[in-house]
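Reader: I have not looked at this one before. Could you take me through it?

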Amino acid sequence: MQEGDLPHDRQPETRPARRPLPAPRLVEAVAQEAAAKRLVYDAAMHAATLGERLVVEVALGALSRQEALMLRAAEKADAQVGPEDPGESLALTPTGRLRILRANDPVEEGLLPIGRIEWGTDRPAFLDEECDEALRQDADELGAVASWLRSRPSGQAERMVADLQMTLSHVGPMRVYIGPHCYTNLGRASNLVGKSLAADSDRCRLNRLTDVPVAHWPVQDACFVVLMTVLIGSGTPSRTEEMSGTQLMPGRLESFIRDRIAAYDGLVPPETNGLPLVERLFALSSQAKGCRPEKLRRWPWIFRKVQSMTINKQEHFFSAPVTAADLPRGFMEKLMQLLPGTDVAGTSDWKSAWSAHAVRAYEDACDAAFTTHLEQVVYDLVEAGTEATASHVGMSRGPRDVAELSRQIAAGSTVPGHWKTSDYYCCVVPGREFCRWFDGNGVPEELTQVVRAIAARMRWNGWHFMPHASGASADPSFADRDWFYAPTMPDMTEWTSYHHQGHVANGVRHAIRVPLPLTLAGASRPGIHDFRLMRTDGDPYTLEDLRAAVAIGQVLRGLYQSYASQIEAGGHALVINDFDNGCYQRRFTPAASV
């Protein structure tokens with residue numbers, strides 16, 4: 001199936017998937033599958049893509065120069081996979097990176113062997129010389145980067161480390177390689193600060209540099225500090241994830257940044273090309289960062305594709321604006337019921353559309369299951385979006401008391417950043433087919449548990465983003481507070497149930513997230529609300545699905561903004577009381593449906 005072929009109104013025919021293999025066992029299984037291949041090239045591609053779960057570009061991006069040479073040579077020679085034996089061979093690291101080893105290469109701990117490379121009579125005569133030259137080129141590049149850092153004025157390297165520690169503590173997980181060396185803040189293999197390692201952990205490679213003269217830093221550590229600083233400087237903190245799963249080497253980094261400049265319709269100044277390596281990287285990084293805001297101003301619909309197996313997240317732009325024409329038919333039918341008389345297909349200003357119909361947020365809901373009209377409308381929209389996109393579950397979260405949030409932000413208070421998770425709500429709607437699976441398998445009571453677990457996780461997301469979303473994250477009171485930069489770009493994720501803890505627990509295989517900013521106290525506050533969709537198995541989401549989700553998110557954002565603007569203008573305010581555990585218990589327990 002090609003992107004765009006999935007009809008929006010098709011109902012899901014799948015059921016909640018069995019819990020997938022955890023990442024370590026998946027790597028073991030892929031290594032065994034690769035070992036059964038006849039040709040080295042086929043085995044290598046199966047292993048590198050983790051059984052075709054990764055796009056080839058990202059998978060091969062993890063190879064070093066030497067490994068890429070050996071793979072091309074093996075493909076050309078039709079080399080075959082032989083039994084495990086010392087010598088030239090294929091293996092997978094515990095983190096899922098393909099290794100193509102020469103006879104004398106050091107073997108790191110935990111490698112999962114795939115098989116020996118049997119060249120027959122066609123092993124290239126100059127392969128060793130070419131591989132040695134590749135290693136020399138890598139060493140020269142890394143040496144140049146490390147030498148540059150050592151030549152910096154006193155304190156600059158230490159400031160770069162401190163800035164990296166700050167950023168890595170508040171962004172999502174990432175994993176990059178510098179040659180055979182892995183740098184990650186993901187899971188048990190973590191050697192950088194993040195969710196898995198505390199800021200002062202002695203397992204963090206950056207902490208090990210403290211009180212060590214820069215001249216004595218390992219070359220690969222010095223290069224990580226410089227190259228990751230360049231990468232982050234080319235855009236936003238989330239740049240940390242855009243080369244995840246691949247080699248963070250000077251040449252690859254330069255190509256990446258040049259691609260970003262081109263994507264932002266920018267031009268590389270001619271004088272940049274004549275600069276020494278590191279100065280050129282920083283100049284290109286600055287150019288990319290400068291081009292990005294203008295591109296987004298002129299063409300705002302940016303999104304990210306997430307290759308969850310390696311946490312690789314890359315920016316893309318839609319080829320045409322997302323409009324009401326992208327709304328699925330079933331969702332539009334519901335919207336016409338909620339906004340009678342509105343030209344739904346021709347509307348672009350959803351805030352005005354909701355305001356014109358006076359949402360009457362504080363009035364009692366028609367459905368006794370809800371407290372107010374606003375809560376019922378939110379549920380109806382999420383439900384319609386879930387069904388119309390063939391999703392198993394849809395959801396939308398936000399703060400319970402927008403009026404109080406507005407007052408606190410206007411006063412410059414840090415209080416919202418210290419709210420509890422119970423100060424947030426998440427409207428979770430399971431799709432009809434999803435609900436029927438629980439009934440058909442005789443476990444209807446488990447549906448309530450799943451819905452409540454998802455809602456709890458999403459409330460935690462609201463808590464996680466609020467320090468940054470409210471504009472208060474720089475306050476000293478957040479120094480030890482766990483928070484993330486609030487998301488700004490829609491994203492579409494595949495195979496997300498292999499790393500993300502919450503997704504593993506709830507079987508979220510494919511997902512869409514549409515962050516929804518809210519204008520409060522005169523400024524846009526990112527990630528205050530969102531709209532999300534998930535599938536536990538079946539087809540991954542397509543670009544058509546993502547466009548539909550973004551269009552639905554625009555409708556929800558208009559609703560939330562209309563309500564917030566009415567409050568700030570002195571209108572009636574309310575606290576969202578629905579969408580708590582009691583609400584879901586009443587709605588989804590078997591007794592509730594009788």
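Reader: Start with confidence. What is the average pLDDT of the chain?

Author: This is a predicted model. The chain averages a pLDDT of 90, and 92% of the residues score at least 70.

Reader: Where is the pLDDT below 50?

Author: Residues 17-22 are one such stretch, with 12 contacts in the model beyond near neighbours in sequence. Residues 499-506 also have a pLDDT below 50, and that stretch has 20 contacts beyond near neighbours in sequence.

Reader: On to the rings. How many aromatic pairs does the structure hold?

Author: There are 12 aromatic pairs. One of them joins Tyr-264 and Phe-317, edge-to-face, at 6.4 Å centre to centre with 85° between the planes.

Reader: Which parts does the pair of Tyr-264 and Phe-317 tie together?

Author: Tyr-264 is in the loop between α8 (250-263) and α9 (277-298), while Phe-317 belongs to strand β8 (residues 312-317), so the pair ties together parts that are 53 residues apart in sequence.

Reader: Are Tyr-264 and Phe-317 buried or exposed?

Author: Both Tyr-264 and Phe-317 are buried.

Reader: And what sort of aromatic pair do Trp-437 and Phe-438 form?

Author: Trp-437 and Phe-438 are edge-to-face as well, at 5.2 Å centre to centre and 90° between the planes. With Phe-434, they form one aromatic cluster. Phe-438 counts as buried because its relative accessibility is 4%, and the cut-off is under 20%.

Reader: Which residues lie over the face of a ring?

Author: Arg-481 lies over the face of Trp-463, at 3.7 Å from the ring centre. Arg-547 lies over the face of Phe-318, at 5.2 Å from the ring centre.

Reader: Changing topic. Where is Val-40 found?

Author: Val-40 is in helix α2, which covers residues 40-48. At 2% relative accessibility, Val-40 counts as buried.

Reader: What does Val-40 touch?

Author: Leaving out residues up to four places away in sequence, Val-40 touches Ala-74, Ala-79, Gln-80, Val-81, Leu-90 and Ile-117.

Reader: How far apart are Val-40 and Leu-447?

Author: They are 407 residues apart in sequence, and 46 Å apart in space from C-alpha to C-alpha.

Reader: Now α4. How many residues does helix α4 have, and how far does the helix reach?

Author: Helix α4 (residues 65-77) has 13 residues and reaches 19 Å from its first C-alpha to its last, close to the 18 Å expected at 1.5 Å a residue.

Reader: Which residues of α4 are buried?

Author: Gln-66, Glu-67, Leu-69, Met-70, Leu-71, Ala-73, Ala-74 and Ala-77 are buried in α4.

Reader: What do the buried residues of α4 pack against?

Author: Their partners are α2, α3 (56-60), β3 (98-101), β4 (112-118) and α5 (127-150).

Reader: What comes just after α4?

Author: Asp-78 does, and this residue takes a positive phi of about 55°.

Reader: Last topic. How many disulfides are there?

Author: The count comes to zero. Cys-182 is in no disulfide, and the nearest cysteine sulfur, that of Cys-204, is 13 Å away. Cys-204 is in no disulfide either, with the sulfur of Cys-182 as its nearest cysteine sulfur, 13 Å away.

Reader: Is Cys-204 buried or exposed?

Author: Cys-204 is buried, with a relative accessible area of 0%.

Methods
Residues numbered from 1 in each chain as written. Predicted model: local features only at pLDDT ≥ 70, side-chain atom pairs only at ≥ 80, totals over all residues. Heavy atoms only, no water. pLDDT = per-residue confidence, 0-100. Contact = heavy atoms within 4.5 Å. Phe/Tyr/Trp six-rings, centres within 6.5 Å; stacked < 30°, edge-to-face > 60°. Helix = DSSP H or I, 4+ residues; strand = E, 2+ residues; numbered from the N terminus. Buried < 20%, exposed > 50% of the residue type's maximum accessible area, 1.4 Å probe, protein only. Lys NZ or Arg CZ within 6 Å of the ring centre and 35° of its normal. Expected span 1.5 Å × (residues − 1). Disulfide = S-S within 2.5 Å.
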